[in-house]
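This report goes through one protein model. Please keep the sequence and the 3D view open while reading.

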Amino acid sequence: MRLTTSSLLVILPLLTAAQQQQQKPLSENLQAWFEKAKSYIPSAATAPVASTAAKAAANNVVTLTSSNWQSVLSPSSDSDPSQGPEEWMVLFSGGNKSCYGRCARVEKAWNESAALLAADPTAPHLAYVHCDQSPILCTTWAASVPTIWHIQLPVTGADQSTPATTIRKLGLNTTTVTAADIVKIHVEKT
């Protein structure tokens, strides 16, 4: 086998890199592996808060499906037209198919905001659509994930007329969204 100078120049950096990789002590490799494994374990301080927020969200948030959305998103019969439209906030989220696994932070912020909004007497009704579980609903509504739809659902007047429904679609940043950002949608009506 004959090696030319050009092939030697290509192989030499690869051999050097391989030799440096082998020189790394086993203890450093194990330590790096343990640090990586520890980063996947939630800390004890945040786990109870997240579970409490999830429980509060489960009590306050209605899950919309293709079979129940019309009955849920309709003005209640005891609504007073003088109080204005009913306010709804609907989160469109998903899993690996629709959100590519990046919606966990959004859902955590949503659960925390649901717990915060539960204490507010003027809080909007909250609903949730999981686009991996209800793909037909998300597709027919052309909903992207993660998005919050802020809906002003008008109440039927005494003359049986119904004003138009107002829907504002607000996209969420999957890396920086917080519960305060979601609560701000209701507070500032943006």
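The text below covers confidence, then the sheet and its helices, then the aromatic rings.

The model is predicted, so local features need pLDDT of at least 70 and side-chain atom pairs count only at pLDDT 80 or more, while totals for chains, interfaces and linings use all residues. Residues are numbered from 1 along each chain as its sequence is written, and side-chain values use heavy atoms, with hydrogens and water left out.

**Confidence.** pLDDT is the predictor's confidence in each residue, from 0 to 100. The protein averages 79, and 67% of the residues score at least 70. Confidence is lowest in helix H3 (residues 46-60), with a mean of 56, and highest in E3, at 93.

**Sheet.** Helices (H or I, at least four residues) and strands (E, at least two) are DSSP runs, numbered from the N terminus. Two strands pair if DSSP finds at least two bridges between them. Five strands form an open sheet with mixed pairing, in the order E1-E3-E2-E4-E5. Strand E1 (61-63) and strand E5 (166-171) are at the edges with a single partner strand each, so one side of each has no neighbour in the sheet. Strands E2 (residues 86-93) and E3 (residues 125-130) are paired in the parallel sense over six bridges. Within E3, leucine 126 stands opposite methionine 89.

**Helices on the sheet.** Contact means heavy atoms within 4.5 Å. Axes are lines fitted to C-alpha atoms, for helices over the stretch in contact, and angles run from 0 to 180 degrees between N-to-C directions. Helix H5 (residues 104-117) lies across E1, E2, E3 and strand E4 (147-153), at about 160 degrees to E3. Helix H7 (residues 179-188) also packs on the sheet; this helix touches E2, E4 and E5 and makes about 150 degrees with E2.

**Aromatic rings.** Rings of Phe, Tyr and Trp (its six-membered ring) pair if their centres lie within 6.5 Å; planes under 30 degrees apart count as stacked, over 60 as edge-to-face and the rest as tilted. The whole structure has four aromatic pairs, among them these:

| Pair | Centre distance | Plane angle | Type |
|---|---|---|---|
| Phe92 and Trp141 | 5.9 Å | 70 degrees | edge-to-face |
| Trp141 and Trp149 | 5.6 Å | 20 degrees | stacked |

Phenylalanine 92 lies in strand E2 and tryptophan 141 in the loop between helix H6 (135-140) and E4, so their pair ties together parts 49 residues apart in sequence. Ring pairs link Trp69, Phe92, Trp141 and Trp149 into a cluster.

Buried means under 20% relative accessible area, exposed over 50%, and partly exposed in between (1.4 Å probe, protein chains only). Phenylalanine 92 is buried. Tryptophan 141 counts as buried at 18% relative accessibility, and tryptophan 149 is buried at 6%.
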